[in-house]
Amino acid sequence: MSASPFDQRDGWIWYDGQLVPWKDAQLHVLSHGLHYGSSVFEGERAYGGEIFKSTEHSERLKKSAEILDFEIPYTVAEIDAAKRLVLEKSGMKDAYLRPVAWRGSEMMGVAAQANKIHLAIAAWEWPSYFDPAQKMKGIRIDMAEYRRPDPATAPSAAKAAGLYMICTISKHRAERKGYADALMLDWQGRVAECTGANVFFIRDGIVHTPIADCFLDGITRRTVIDLAKRRGFEVAERRIMPDELPSFNECFITGTAAEVTPVSEIGPHTYQPGNMTKVLMDDYTAEVQPKSKAA
């Protein structure tokens, strides 16, 4: 649990073009984004004062909004600059950043084409998504009851707030059973992702991960695939069926919040965090560190 509720913290939030005191960054209860899920967001991390792949995140935020049929009234460069301003104003070097855009309160109904589009950006300290001591041993994951929807029925390429409803339900159920997260299948019963992270498996020196066509192709996911290929590891992006889970030796998940986190259990199946997972964890840690600007 957080030390204090998020609406009671001190600091500054960038809100529709200006910095406002943290506690004043509010929206009306009849905002369309709250009632109808017309909201998109990003999760980003800053390391040593630099936001990792900031522009990629800003581009995805804009694209997510377009998929939900609205346009964020700021350019990618302006969003990047706003994030840097929030980070500087916070005085934090290592932080988690949350840009979020949503339809406002001008109209209340399914149709809301005249609603103002808002954008806010906050930053806070979030050291590790999972307990650090448990993370190194590998986290325990349950199987989720809900599945990722058919991309013909939901905007799966967008980082849309509404898509996380079943993730919250699934993670809560897993935590009540003593697990750290839950693995979701896709609508056809194939392995998809966890509730807020992509999943990877290792067998016979090959890294396997599901094809990201009904869930978010994470920026951390793409980074880790690139790091694996740089190491000379073979990466197989393919359909993975649940009956394959016992055949893998190692498993880990990736995401901005999770970074690279080993997995020790998925339901009845056990894994031993091994050398390849450790190498990719170390490579990711090195990759996110600010690069020297010296010639």
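Started at Arg 203, which sits opposite Ile 206 of S12. I'm working on a predicted model, where local features need pLDDT of at least 70, side-chain atom pairs count only at pLDDT 80 or more, and totals for chains, interfaces and linings use all residues. Residues are numbered from 1 along each chain as its sequence is written, and side-chain values use heavy atoms, with hydrogens and water left out.

**Entry 1: the strands**

I looked up how S11 (residues 198-203) and S12 pair: antiparallel, over three bridges. My strands and helices are DSSP runs numbered from the N terminus (helices H or I, at least four residues; strands E, at least two). For pairing I ask that DSSP find at least two bridges between two strands. The hairpin of S11 and S12 has two residues between the strands, and Asp 204 there takes a positive phi near 55 degrees.

On to the other partner of S12. Strand S13 (residues 234-238) pairs with S12 in the parallel sense, over five bridges. Ile 206 turns up again here, with Glu 234 as its bridge partner in S13. I also traced S12, helix H6 (residues 219-230) and S13, which make a right-handed β-α-β unit. Right-handed here means that, with the strands pointing away from the viewer, the path from the first strand over the helix to the second runs clockwise.

Next, S11 and strand S14 (residues 250-255): they run antiparallel and are joined by five bridges. One I noted down is Asn 198, whose bridge partner in S14 is Thr 254.

How covered are these strands? Four of the five residues of S12 (residues 206-210) are buried. S11 is largely enclosed by the rest of the structure, because five of its six residues are buried. My cut-offs are under 20% relative accessible area for buried, over 50% for exposed, and partly exposed in between (1.4 Å probe, protein chains only).

**Entry 2: salt bridges**

I count a salt bridge when a side-chain nitrogen of Lys or Arg is within 4 Å of a carboxyl oxygen of Asp or Glu. By that rule I get 23 salt bridges.

I checked Lys 83 and Glu 44, whose side chains meet at 2.8 Å, N to O. The two are 39 residues apart and link distant parts of the chain, with Lys 83 in helix H3 (residues 76-90) and Glu 44 in strand S4 (residues 44-47). Both Lys 83 and Glu 44 are buried.

Back to Arg 203: its salt bridge with Glu 244 has the closest N and O atoms 3.8 Å apart. That pair spans 41 residues, from Arg 203 in S11 to Glu 244 in the loop between S13 and S14. Glu 244 has a relative accessible area of 17%, so I file it as buried.

Arg 239 and Asp 213 came next, with their closest N and O atoms 2.7 Å apart. Arg 239 is in the loop between S13 and S14, Asp 213 in the loop between S12 and H6, 26 residues apart. Arg 239 is partly exposed at 34%, and Asp 213 is partly exposed at 31%. I also found one network, in which salt bridges that share partners join Lys 53, Glu 56, Asp 217, Arg 221, Arg 222 and Glu 237.

**Entry 3: Lys 23**

Where is Lys 23? I found it in the loop between strand S2 (18-21) and H1. Leaving aside neighbours within four places in sequence, Lys 23 is in contact with Asp 7, Gln 8, Arg 9 and Asp 10, contact being heavy atoms within 4.5 Å.
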